[in-house]
Amino acid sequence: MKRKKILFLISRFPFPLIGGDKIKSFYLMKHLAKKYDVTLAAISFRSQPPKEWIEPLEKIGVKVYSVALNPIIGGIKTALRLHQKYPLEIAFYLNNEFKNLVNKLCQENNFDYGISFFLRTAEYLKDKKFKKILISEDCRVLYQTRSYKSSQNIPQRLIRIWEVFKLKKYEPEIINYFDTVTLVTNDDIQAMKQNNPNARYRLVTNGVNTEQFSPPSDDFERKDLLFTGKLSVWSNTLMAIKLIKEIMPEIIKHFPDVKLHIVGSNPVKQILEHQSKNIIVHSSVPNIEDFYKQCKIFMHPHLAATGIQNKLLEAMSSGLACVTTKTGIQGIDGIDGEHFLIANNNQQMIDYTIKLLKDDSLCKKLSKNARQLILETHTWDVVYSQIDKVLEELENE
């Protein structure tokens, strides 16, 4: 039987595997390339990707094409488009060279399916005649609404209010061009339905490499606290600063020698300037899984974003006892007190962390249960099964 063809669009070149969008898109293409001929068209930030980034994709059977996006030119063009319908996060990625590449690939190939990874690439596929999937991941209206409500930074708040204003019209309209829209949580699906009840939504969750992110041997003594994330991302910056300024000082009063390891690339000045014997920032690490193995408790004072937190999937898969929030745990179908502890405010996060530092049996219980939950619900095989069902549904229409 002749293999069907998929055109896969993404706004960030999916290698190296740093960041949830790169990881998920890579694993999806790895799976899809076993059954389909997959062609990738990617936007590459600043410059064309080097050969060593392209080769891993070609190795899994993906044909790779890319266009470099100059961020300065992108920013200028975004400003010039303020009067248009596009939200800032869409306008920045509108690129004529990429549009021409997509059109050329469509003229030269008889694609059966098109996949836009993130809303940012939806414009390039919306008028194509083949079956189309939008891997939206989260509801952007919900994300930006929560973000502006939680932000204390006036410029950030104003930008996000602008985005909500634009997205409330743009997001419900653009998804009408797609046969299926996938999201990572049912909360995001319900939020999307409020603005467009007629589109077809499907759940395609996120996965984690459970072999890479696994607990240490039983005889390994775990200690210390951990927070991870790309530290230049605003939401991660806010969480790190909250931990440093509002939460750790109270924990240190009870445990003067406890250390919080903040691990992630591109930490901002506000994080770096607070390093001490108790606050240690690791900005460049070859294997982040080593920190998941050596630390005892994962602290996650999640504020207001949407979607699934990949860092929490990794922590739970690694068998850390996790203290998070209601929004932090969305998309992960666990039970408070069995798989993690949910804190409703700073004081609860402080109290729960102190409790876990004192109670090894509770730590071990949460560790074991968290690992088992991830094995049952968030392996890549689970994700593959979900995306297969989406494609089968389109194929049978």
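## Packing of helices H10 and H14

In this predicted model, helix H10 (residues 234-254) packs against helix H14 (residues 346-358) at an angle of about 45°, and their axes lie 10 Å apart. That angle makes H10 oblique to H14. The crossing in which H10 passes H14 is right-handed.

On the H10 side, the contact is made by Lys242, Glu246, Ile247, Glu250, Ile251 and His254. H14 contributes Asn346, Met349, Ile350, Thr353, Ile354 and Leu357. Sorted by class, the contact of H10 with H14 comprises six nonpolar, three polar and three charged residues.

## Packing of helices H7 and H8

From H7, the residues in contact are Arg140, Val141, Tyr143, Gln144, Thr145, Ser147, Tyr148 and Lys149. Those from H8 are Arg157, Arg160, Ile161, Glu163, Val164, Leu167, Lys168 and Glu171. By class, the contact of H7 with H8 has six nonpolar, three polar and seven charged residues.

## Nonpolar cores

In soluble globular proteins, nonpolar side chains tend to be buried together. In this model, the largest nonpolar core has 39 residues. The residues with the most contacts inside this core are Leu7, Leu9, Ala41, Phe98, Val102, Ile175 and Tyr201. Helix H5 (residues 96-108) gives the most to this core, with five residues.

Ala41 illustrates these surroundings. Not counting residues up to four places away in sequence, Ala41 touches Leu7, Phe8, Leu9, Ile10, Tyr65, Phe98, Leu101, Val102 and Leu105.

## Strand E5: Leu134 and Glu137

Leu134 lies in strand E5 and counts as buried, at 0% relative accessibility. Leaving aside neighbours within four places in sequence, Leu134 is in contact with Ser116, Phe118, Leu119, Ala122, Ile175, Phe178, Thr180, Val181 and Thr182. Leu134 and Phe118 are 16 residues apart along the chain, and their C-alpha atoms are separated by 6.9 Å.

Glu137 is also placed in strand E5, which covers residues 131-137. Its relative accessible area is 8%, and Glu137 is thus buried. Although not a glycine, Glu137 has a positive phi of about 75°.

## Backbone features in two loops

Most residues other than glycine have a negative phi, and most peptide bonds are trans. Asp224 has a phi near 75°, a positive value in a residue other than glycine. Asp224 is placed in the loop between strand E7 (201-203) and strand E8 (225-228). With a relative accessibility of 14%, Asp224 counts as buried.

The peptide bond from Phe15 to Pro16 is cis, with omega near 0°. Pro16 is found in the loop between strand E1 (5-10) and helix H1 (20-32).

Methods:
Residues are numbered from 1 along each chain as its sequence is written. This is a predicted model: local features need pLDDT of at least 70, side-chain atom pairs count only at pLDDT 80 or more; totals for chains, interfaces and linings use all residues. Side-chain values use heavy atoms; hydrogens and water are left out. Axes are lines fitted to C-alpha atoms, for helices over the stretch in contact, and angles run from 0 to 180 degrees between N-to-C directions. Helices (H or I, at least four residues) and strands (E, at least two) are DSSP runs, numbered from the N terminus. Angles under 35 degrees count as roughly parallel, over 145 as roughly antiparallel, 65 to 115 as roughly perpendicular and the rest as oblique. A crossing is left-handed if the near helix is turned anticlockwise from the far one by less than a right angle, and right-handed if clockwise. Contact means heavy atoms within 4.5 Å. Ala, Val, Leu, Ile, Met, Phe, Trp, Tyr, Cys and Pro count as nonpolar, Asp, Glu, Lys and Arg as charged, and the others, Gly among them, as polar. A nonpolar core is a set of buried Ala, Val, Leu, Ile, Met, Phe, Trp, Tyr and Cys residues joined through side-chain atoms within 4.5 Å. Buried means under 20% relative accessible area, exposed over 50%, partly exposed in between (1.4 Å probe, protein chains only).
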